[in-house]
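Subject: Structure handover

Hello,

I am passing the structure on to you. Please open it first, then read the notes below.

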Amino acid sequence: QVQLVESGGGLVQPGGSLRLSCTASGTISSINRMGWYRQAPGKQRELVATMPSGDSTNYADSVKGRFTISRDNAKNTVYLQMNSLKPEDTAVYYCYMKIRDYRLLWRDYWGQGTQVTVSS
């Protein structure tokens with residue numbers, strides 16, 4: 001079975017940095033779209049950054065210039081480098097991948113979520 005496992009969350013001061021990682025395991029044929037979403041208490045899940053098919057990137061306006069999404073296809077891993085963190089970045093962060101599994105069927109997969117808290 002395909003699983004996405006996240007790591008890298010934690011508590012950080014405003015202006016600090018964190019790097020989130022998400023690795024897919026299992027029988028995987030291929031991966032195209034990867035991304036990161038977040039959900040704050042009482043709010044809907046929102047897009048943070050994505051890498052659609054190809055190497056292009058998309059960012060929410062609120063994180064442009066501060067966050068960077070990247071991927072290592074050989075490791076089936078997507079990263080989110082978060083710099084200049086603000087209290088409003090506090091949320092549970094979820095990684096996302098569109099994966100073609102051993103049945104050659106495309107499916108959407110989500111990580112378990114990792115808490116990011118930005119506070120003094």
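Which residues is T114 in contact with, leaving aside its neighbours within four places in sequence? The contacts are E6, G9, L20, A91, V92 and Y93. Bear in mind that this is a predicted model.

T114 sits in strand β11. Its relative accessibility is 10%, so T114 counts as buried. A polar atom of the T114 side chain lies 3.3 Å from the backbone nitrogen of G9.

E6 belongs to strand β1, residues 3-7. E6 is buried, yet it has no salt bridge. The nearest side chain of opposite charge is R45, 7.9 Å away. A salt bridge would need a side-chain nitrogen of Lys or Arg within 4 Å of a carboxyl oxygen.

What does the side chain of E6 reach instead? Two backbone nitrogens are worth a look. That of C95 lies 2.9 Å from a polar atom of the E6 side chain. That of T114 is reached at 3.4 Å. Leaving aside neighbours within four places in sequence, the contacts of E6 include S21, W36, Y93 and G111. Both C22 and C95 are also in contact with E6.

**The disulfide**

C22 and C95 form it, with their sulfur atoms 1.9 Å apart. The torsion about the S-S bond is about 45°, so the disulfide is right-handed. C22 lies in strand β3 and C95 in strand β9, so the pair ties together parts that are 73 residues apart in sequence. C22 is buried, with a relative accessible area of 0%. C95 also counts as buried, at 0% relative accessibility.

**The core**

The largest nonpolar core has 29 residues. L4, W36, L80, M82, Y93 and M97 touch the most other members. Strands β3, β4, β5, β7, β8, β9 and β11 each supply at least two residues of this core. The largest share, five residues, comes from β9.

**S70**

S70 lies in strand β7, residues 67-72. Is S70 buried, exposed or partly exposed? At 27% relative accessibility, S70 counts as partly exposed. Beyond its neighbours within four places in sequence, S70 is in contact with M51, T77, V78 and Y79. M51 is 19 residues away along the chain. The C-alpha atoms of S70 and M51 are separated by 7.9 Å.

Most residues other than glycine have a negative phi. N76 lies in the loop between β7 and β8. With a relative accessible area of 24%, N76 is partly exposed. L104 has a positive phi of about 65°, and it is not a glycine either. L104 is placed in the loop between β9 and β10.

Best wishes

Terms used. Residues numbered from 1 in each chain as written. Predicted model: local features only at pLDDT ≥ 70, side-chain atom pairs only at ≥ 80, totals over all residues. Heavy atoms only, no water. Helix = DSSP H or I, 4+ residues; strand = E, 2+ residues; numbered from the N terminus. Buried < 20%, exposed > 50% of the residue type's maximum accessible area, 1.4 Å probe, protein only. Contact = heavy atoms within 4.5 Å. Core = buried A, V, L, I, M, F, W, Y, C linked by side-chain atoms within 4.5 Å. Lys, Arg positive; Asp, Glu negative; His and termini not counted. Polar contact = N/O pair within 3.5 Å; in protein donor to acceptor, adjacent residues only side chain to side chain. Disulfide = S-S within 2.5 Å.
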